[in-house]
Amino acid sequence: MKPYILILALFSLVSCLKKDKIAVDAIFTDATIYTVNNSFDTATAMAISDGKILAIGTNDEITNKFKSDNTIDAKGKFMYPGLIDAHCHFYSYGLSLQEVDLRGTKSMDEVISRIQTFQKEKNLKFIVGNGWDQNDWEVKEFPSKAILDKYFPNIPVVLNRVDSHAIVVNSKVLSLANITKDTKAIGGQIEIVNGEPTGILIDNPMELVFNIIPKPSRKTQITALLDAEKIMFDYGLTTVNDAGLDPQIIDLIDSLQKAKAMKLNVYAMITVNPKNMDLYFKKGIYKTDNLNVRSFKMYGDGALGSRGACMHKPYSDSPKQLGALITPISDMKTVADRIAASAFQLNTHAIGDSANTVILKVYKEALEGKKDRRWKIEHAQVIQEADFDYFKLGIIPSVQPTHATSDMYWAGQRLGKKRLKNAYAYKKLLNKAGVIALGTDFPVEEVNPMLTFHAAFARKDS
């Protein structure tokens, strides 16, 4: 009888063990899971419940402890934590999906063709397009209003350059915006040839045009956010740092997240101006499970591709141009001092070596005696040798590795060999700062974070 009793006891024990397993929503087995813990261990299985990972381990460890009606054999596929884009324009990208896509065009003729195709379908009263880059064209010159006037004489047309620091518009837009050869341009340029505007506007003067573009409806804004979110999830992005949002859009994102209509996590940089600072200094840092509003975005200068980046010495391929500061130095100091006195973070766009010098000095003065404020330089694209040491002060470089690989075909012409040596110097920045944030700047670059990893690691494009 003793062996019989022992067998019954074993059956009883196994039965109890089975009953004691924890029920979960899903179990993945036979995966290649990157845990990204301190030792970068890999695992093969995980248990998930209520949208959260409960445990990661071997197949036996997970299946012995958990049970689920939804067990998925991953067949060796890779799994990794949701990715974070440290600098992008998520909402703007969503809006661009509702407008003419000009990315990848190889000529102005192709630009016109895409607009015509889009207009046949949409029949809009005001056309907006995004993404042209004259550096990708055989004739690497800015376009002008002339070709737009030829095909669209009566419909306003605004076409944003890929970096969002230059636009080309037709005569209809110049007329509606009251832009003439006598219009003053501070912190940018209204290009004039033979005494007349060409239709090219760079940086601050673009606001004259943006003010007359019909504002998107709430329905269009929601569609833009949700369309962009779907693409983020397709690429494994679960958090985006949007580099410059107005309070109204931040509130809309918050409402969609609370209604469970939007699941993407958003770190929102508030567009810096006195009104927005007053509003958020009164409200304070705002944080939910999906939204983090704790920083302001300031612009130092323009972009290298449109020669708007502010340089110490003229561009090598345009000896009369230095670029320009978008925000006056006195205003930068005022903004930095106000934010330093608050709990908020400041993130500033700086591409040219002169802009970086100015902003790094402003940061150092404003942060005197304040530790670990984690203020960022967004782009940190061209740095003077003497300025790299500023990043030892707890200032974080926030860079976009695909800028280095997409700009490499023409950046040397803009900068010359000497300046190019300290441009896109990501490893040097990492060594000085001890930490570096990686993003894409989409829609300036592609959304795909794998291109970012590839460019950061191999210094090659796709």
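Trainee: Why is Asp101 called partly exposed?

Mentor: In this predicted model, Asp101 has a relative accessible area of 34%, and because buried means under 20% and exposed means over 50%, Asp101 falls in between and is called partly exposed.

Trainee: What makes the contact of Arg103 and Asp101 a salt bridge?

Mentor: The side chains of Arg103 and Asp101 meet at 3.1 Å, N to O, and since the rule asks for a side-chain nitrogen of Lys or Arg within 4 Å of a carboxyl oxygen of Asp or Glu, the pair qualifies as a salt bridge. Arg103, with 25% relative accessibility, counts as partly exposed.

Trainee: How do you know that Arg338 forms a salt bridge with Asp278?

Mentor: The closest N and O atoms of Arg338 and Asp278 are 2.8 Å apart, which is to be set against the cut-off of within 4 Å, and the pair is therefore a salt bridge. Arg338 lies in helix α11 (residues 329-340) and Asp278 in helix α10 (residues 274-283), so the pair ties together parts that are 60 residues apart in sequence.

Trainee: Which parts does the salt bridge of Lys428 and Glu385 tie together?

Mentor: The side chains of Lys428 and Glu385 meet at 2.8 Å, N to O. Lys428 belongs to helix α15 (residues 426-433), whereas Glu385 sits in the loop between β22 (376-379) and β23 (396-399), so parts 43 residues apart in sequence are tied together.

Trainee: How many salt bridges does the rule give?

Mentor: The count comes to 15 salt bridges, and Asp133, Arg161 and Asp163 are linked in a network of them.

How values were computed: Residues numbered from 1 in each chain as written. Predicted model: local features only at pLDDT ≥ 70, side-chain atom pairs only at ≥ 80, totals over all residues. Heavy atoms only, no water. Buried < 20%, exposed > 50% of the residue type's maximum accessible area, 1.4 Å probe, protein only. Helix = DSSP H or I, 4+ residues; strand = E, 2+ residues; numbered from the N terminus.
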